[in-house]
Amino acid sequence: MKIHEKYISRCIQLAKNGLGTTFPNPMVGSVIVCDGKIIGEGYTSPYGGSHAEVNAINSVKDHSLLKEATLYVTLEPCSHYGKTPPCADLVIHHKIPRVVIGVLDPHEKVAGKGVEKLRSAGCEVTVGILEEECREHHKRFLTYHTKSRPYIILKWAQTSDGYIAPTDSKRANNPEPFWISNSHSQQLVHQWRSEEHAIMVGTNTVLADNPSLSVRRWKGSNPVRIILDRKLRTPTHFHVLDSSVKTIVITNKAPSTPIKGVFYEEIDFKEKLAEQVCNILHKHQILSVIVEGGTQTLQSFIDAELWDEARVFTGQSQFGTGLRPPMIQGRTIKSIPILTDTLTLIKHD
């Protein structure tokens, strides 16, 4: 491995520590090297806190070494004022002579301006080291700023005989949720929830299971909840309307008396559903979303080709009859056994 690739790889490794905490900022990693030794490391703090470059610089014990060092970073240093001052200015202030960047920042306020500012100040800037790996790492942030929509993950569980949910008559006899996947798979889903910005379900899923859509079997923050509820059928005492976390209800007509802490967004359900939903999530600065169903909701995103990956659990149970899962075509990345379940990962190329 070449020396630049070695340190950018370490930057990516560091950056993953920010997974699920930095939205709507990207999770960036940074390493500072002097005379072949790492003298500083950092990653993006939770939203509102310091960026990776700031944390890396602050971790350096002897700041006089910065004038001879190279700063490595997964994403182009910002050049504008947001919650914090521009990172490019800090690099220039400390007279760091060399900066190596994984991928350029497509944000309209950056988009090459960080590199331009650094070079104008005399920094030697190298761009595009492990670029594909950095793009994969920053897929949520890059998708949001290049496609004006969140990174979309479709997720469902299906039985071994190919059903996503039982019949209404079977539910009537047993109102409790029907678990298709095992407890280990369920815990993994909670981990995913802690890593993504939002989670979305349709009304039928809410009415059938009264889910909280929270992180209970993993440590982390609860995702923003997105509920597709055309006729506002969700009872006000249901978990998703408890105002414990930001909740967006997408409906045909907002109520005259909204629930405190719940945002209502109106769309025309007769028009292109997935496109309208993406516009709303972009407006709310949602960088990624897990779409958990049901079948109709999932299929609307598949048909519109507005999805990036699918995560499909196949359990051992059988329903014999019921609701079929959505029809999807994509590139199967891998199939992973999780005790009695199989998790299939599909990419939309």
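**Sheets, helices and pockets**

Mentor: An open sheet of nine strands runs in the order β10-β9-β8-β7-β11-β6-β12-β14-β13, with mixed pairing. This is a predicted model, where local features need pLDDT of at least 70, side-chain atom pairs count only at pLDDT 80 or more, and totals for chains, interfaces and linings use all residues. Residues are numbered from 1 along each chain as its sequence is written, and side-chain values use heavy atoms, with hydrogens and water left out.

Trainee: Which residue in β11 stands opposite Ile152?
Mentor: Strand β6 (residues 151-158) and strand β11 (residues 288-291) run parallel and are joined by four bridges. Opposite Ile152 stands Val289.

Trainee: What angle does the direction of helix α6 make with that of β6?
Mentor: Helix α6 (residues 139-147) packs on the sheet, in contact (heavy atoms within 4.5 Å) with β6, β11, β12 (309-314) and β14 (341-347). Its direction and that of β6 make about 120°.

Trainee: What is the order of the five strands in the other open sheet?
Mentor: The pairing there is mixed, and the edge strands β2 (37-43) and β5 (124-127) each pair on one side only. Six bridges join β1 (residues 29-34) to β2, and these two run antiparallel. The order is β2-β1-β3-β4-β5.

Trainee: Which element supplies the largest share of the lining of the largest pocket?
Mentor: On a 1 Å grid over the protein atoms alone, a pocket is an open set of points with protein on both sides within 12 Å along at least five of seven lines, while a cavity is a set where a 1.4 Å probe fits but cannot get out; lining residues have an atom within 4 Å of a point. The largest pocket is lined by 44 residues, with Asn204, Thr205, Asp209, Glu292 and Gly294 nearest its centre. The largest share, six residues, comes from α9.

Trainee: What is the volume of the largest pocket?
Mentor: Grid points are joined across faces, edges and corners, and a volume is the space filled by probe spheres set on the points. For the largest pocket that gives about 1300 Å³.

Trainee: How much space lies in the largest cavity?
Mentor: The count comes to one cavity of 30 Å³ or more. Its lining has 14 residues, and the closest to the centre are Phe23, Asn25, Pro26, Met27 and Arg140. Helix α6 gives the largest share of that lining, three residues. The space is about 80 Å³.

Technical notes:
Two strands pair if DSSP finds at least two bridges between them. Axes are lines fitted to C-alpha atoms, for helices over the stretch in contact, and angles run from 0 to 180 degrees between N-to-C directions.
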